[in-house]
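Subject: Structure handover

Hello,

Here is the structure I promised to pass on. Please open it first, then read the notes below.

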Amino acid sequence: MKRRTFNALSLAALATPSLCVAQSFPTKPVKFIVPYAAGGLPDSVARIVANKLTEKLGQSVVIDNKPGGNGMVAYQALISGVNDHHSFIVSDGSMFSITPLINKSANYSVGKDLLPVSMIAKSPLFLVANPKTGIKTLKEFVEKVRANPGMYTYGSSGIGSSHHLTMESLKADLKLDIRHVPFRGSGQSVPALIGGQIDFLFSALPSMLGFLKAGQVTLLGSNDHKRSPQVPDVPSISEVVPGFDFAVTIGAIARSGTPADVIKRLSDDITWTVKQSDVIEKLNAASIDASGLGPDAYKKEIERENLAMSKAGKAADLKAE
């Protein structure tokens, strides 16, 4: 009888390997590989979530910054490491939507080489104006820019950045003519706006708050599909261009071959984490909205963003190198 019972249990375990994997995950610290240097948006989200997620998983969640190649360095780190199902990429959507548009070697795809785990959060960029333009509302922006083709300039964090493609999409949708001035990151573009070298800029809200209080910039609109709870009086561009949504998404991605039960466990625990009041408070303080979407919903969001960025890339005449 004991032998029969042992054999039956052994067969049951063999028949349900994913259950065994889920019960044993995590067996050691979980690694979040971030494709950017410390201090950026994805890094901030990863660190805020990691602290609380450690409690839920019962194992430490460590951050491993791998900047370079618009996400390619992080991707190589993920797929070349030991496939122990404990390493994941936490990135913004540009790694999947923009990098393939500008880098021929970025031939990975979500659903094949990479698997969606959870969309952790979303953060809008805001269209801001230098006060010297005299433009105070989104409506005035559209009217004045349309009436003066080629007169105004906008800055970005570089060709192919979310800031650049958001404006190029807006230009295409509203038939606007604004000259692009690319910079090397927000560290250059924001001072250029404040100093009056450019007229407009898309920027994260935290980078603008001090200048906003000092009256050095004017908030015109957000690139999310809805108004931000942080500044509810500022309209969403979708109120002018229906369906407009270029807010930055941040999510966790697994390598191909990761068991479904591991993905579900981590996704469920991330969802729990971003619903905790202290996590929400920290995210909101950085103008970040918690999401906690599961694998299927996150995959759809990636597909939507990829399509939007592809159209914007064509409008900007981006070419892969």
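Start at Ser161, which sits in the loop between strand E6 (153-156) and helix H8 (162-174). Helices (H or I, at least four residues) and strands (E, at least two) are DSSP runs, numbered from the N terminus. This is a predicted model: local features need pLDDT of at least 70, side-chain atom pairs count only at pLDDT 80 or more, and totals for chains, interfaces and linings use all residues. Residues are numbered from 1 along each chain as its sequence is written, and side-chain values use heavy atoms, leaving out hydrogens and water.

Ser161 counts as buried because its relative accessibility is 13% (buried is under 20% relative accessible area, exposed over 50%, partly exposed in between; 1.4 Å probe, protein chains only). A polar atom of the Ser161 side chain lies 2.7 Å from the backbone oxygen of Gly158. Leaving aside residues up to four places away in sequence, Ser161 touches Ile98 and Ser156 (contact means heavy atoms within 4.5 Å).

Next, the sheet that holds E6. Its 5 strands run in the order E7-E6-E8-E5-E9, an open sheet with mixed pairing (two strands pair if DSSP finds at least two bridges between them). Strand E7 (179-182) and strand E9 (218-222) stand at the edges with a single partner strand each, so one side of each has no neighbour in the sheet. On average, neighbouring strands here are turned by 35° against each other, direction ignored (axes are lines fitted to C-alpha atoms, for helices over the stretch in contact; angles run from 0 to 180 degrees between N-to-C directions). E6 runs parallel to strand E8 (residues 200-204), joined by 2 bridges. Tyr154 has Phe200 in E8 as its bridge partner.

There is also an open sheet of 6 strands, ordered E2-E1-E3-E10-E4-E11, again with mixed pairing. Strand E2 (61-65) and strand E11 (289-293) are its edge strands, each pairing on one side only. Strand E1 (residues 30-34) pairs with strand E3 (residues 87-92) in the parallel sense, over 3 bridges. Lys31 stands opposite Ser87 in E3. Helix H3 (residues 41-57) lies across several strands, including E1, E2 and E3, and runs at about 160° to E2.

Best wishes

Key. A polar contact is a pair of N or O atoms within 3.5 Å; within protein, one must be able to donate a hydrogen and the other to accept it, and residues adjacent in sequence count only if both atoms are side-chain atoms.
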